[in-house]
Amino acid sequence: MKPAIVLYKTLPADLRQKLDEHFSVTAFDELSHQTFPAFLQALKNAEGLIGSGGRIDADLLAQAPKLRAASTISVGYDNFDVDEMTRRNVLLMHTPTVLTETVADTLMGLMLATARRIPELDAWIRDGHWNDSLGADHYGTDVHHKTVGILGMGRIGMALAQRAHFGFGMKVLYNTRTPNPEANQKYQAQHCDLDTLLAQSDFVCITLPLTSQTHHMIGRAQLDKMKKSAILINAGRGPVIDEDALIEALKDGTILAAGLDVFEREPLPHDSDLMKLKNVVLAPHIGSATHETRYGMAECAVDNLIAALNGTVKENCVNPQIAVKN
Ligand SMILES: NC(=O)c1ccc[n+]([C@@H]2O[C@H](COP(=O)([O-])OP(=O)(O)OC[C@H]3O[C@@H](n4cnc5c(N)ncnc54)[C@H](O)[C@@H]3O)[C@@H](O)[C@H]2O)c1
Ligand SMILES: O=C(O)[C@H](O)CO
């Protein structure tokens, strides 16, 4: 008999077929209030779980006594209680690497769009202002040959450093818990403490995961240490920034602008002050959202689940100590 699994995301047809060949699949397009009771019911027999989003916490795991593996279609896994999964011998699989270059493109895009005010000036044309002359009030700020400070020099941080150094001639500073010799050597990047990075960077770019250590790592005190001309970019996770403090800093000119792909609450509430500020570029969590990369992530997650339930895990496991035990 094929193992029972629960799918909670729509997959491309060929990948859905691949899942069906290996497993008995109960599928939901997404997790919502409407689908949640049936989802919980299906979890009771499920050995595998695959999808993205949602909170997979201890209470939910308690409803899934047969679960052996969960495969998230994302590299970030802050929505999972990893300790509880490990305690229950449930493997957690994720999709690193396949999205790295695309997310670095998004970060570079946010830097350019924010510094050169592209969305704001697009709206200016559409509002019929191009008969007025374009003056200094509309000028942006250069990106090339400036200093970028990268928080987190992992896969995405490295891909951003590559673009910044080779493509834009930028000086690269970074802050991580331990220096990254490859970044130093390849991109002449300089490891520094957070305060130095904040004080010296023209662009502060967040590529950090959300953990108890990174939660609100950027608050009022840190924003105060940035240059008045600096731009803050976040494509890590929203809660790494204290959003209320950021809104205040954008309003009172503590920093120049921000480019945000992630938020404390997603979807961003309609009444958020971020919607009203001209010096913010907003993106709806599209870091990895290209046709090619979203397919690659889904394919990686399907292969991850097959490997996890077949006992052939070689990579992409968040808690590999369990795979060894199996
Ligand atoms: N916006 C998006 O759509 C999108 C897409 C992909 C990933 N992400 C986010 O980006 C994150 C990073 O992805 P990655 O593949 O580069 O991961 P990674 O594990 O390769 O890199 C994370 C880096 O952060 C550093 N780090 C972790 N905790 C730290 C701390 N307390 N202080 C300083 N540095 C710390 C690590 O040392 C590492 O250098 C993901 O966890 C996810 O949250 C967002
Ligand atoms: O972590 C990731 O892969 C992205 O944020 C998509 O959820």
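A: E4 and strand E5 (residues 91–93) pair in the parallel sense over 3 bridges. Strands here are DSSP runs (E, at least two residues), and helices are runs of H or I of at least four residues, both numbered from the N terminus. Two strands count as paired if DSSP finds at least two bridges between them. Within this pairing, Ser71 stands opposite Met93 in E5.

This is a predicted model: local features need pLDDT of at least 70, side-chain atom pairs count only at pLDDT 80 or more, and totals for chains, interfaces and linings use all residues. Residues are numbered from 1 along each chain as its sequence is written, chains are lettered from A and ligands numbered from 1 in the order written, and side-chain values use heavy atoms, with hydrogens and water left out.

E4 also pairs with strand E3 (residues 48–51), in the parallel sense and over 4 bridges. There, Gly48 has Ala69 of E4 as its bridge partner.

Now the side chains of E4 (residues 69–72). In a regular strand the side chains alternate between the two faces of the sheet. Ala69 and Ser71 point one way, Ala70 and Thr72 the other. All four are buried, meaning under 20% relative accessible area; exposed is over 50%, and partly exposed lies in between (1.4 Å probe, protein chains only).

Elsewhere there is an open sheet. Its 7 strands run in the order E8-E7-E6-E9-E10-E11-E12, with parallel pairing. Strands E8 (190–191) and E12 (280–282) stand at the edges with a single partner strand each, so one side of each has no neighbour in the sheet. E8 pairs with strand E7 (residues 171–175) in the parallel sense over 2 bridges. Tyr174 has His191 in E8 as its bridge partner.

Now the whole chain. Its secondary structure comes to 13 helices and 12 strands. Buried residues make up 49% of the 326 residues. Of the contacts (heavy atoms within 4.5 Å) with a separation of 6 or more, 60% join residues 24 or more positions apart. The C-alpha atoms fill a box of roughly 70 × 45 × 35 Å along the principal axes.
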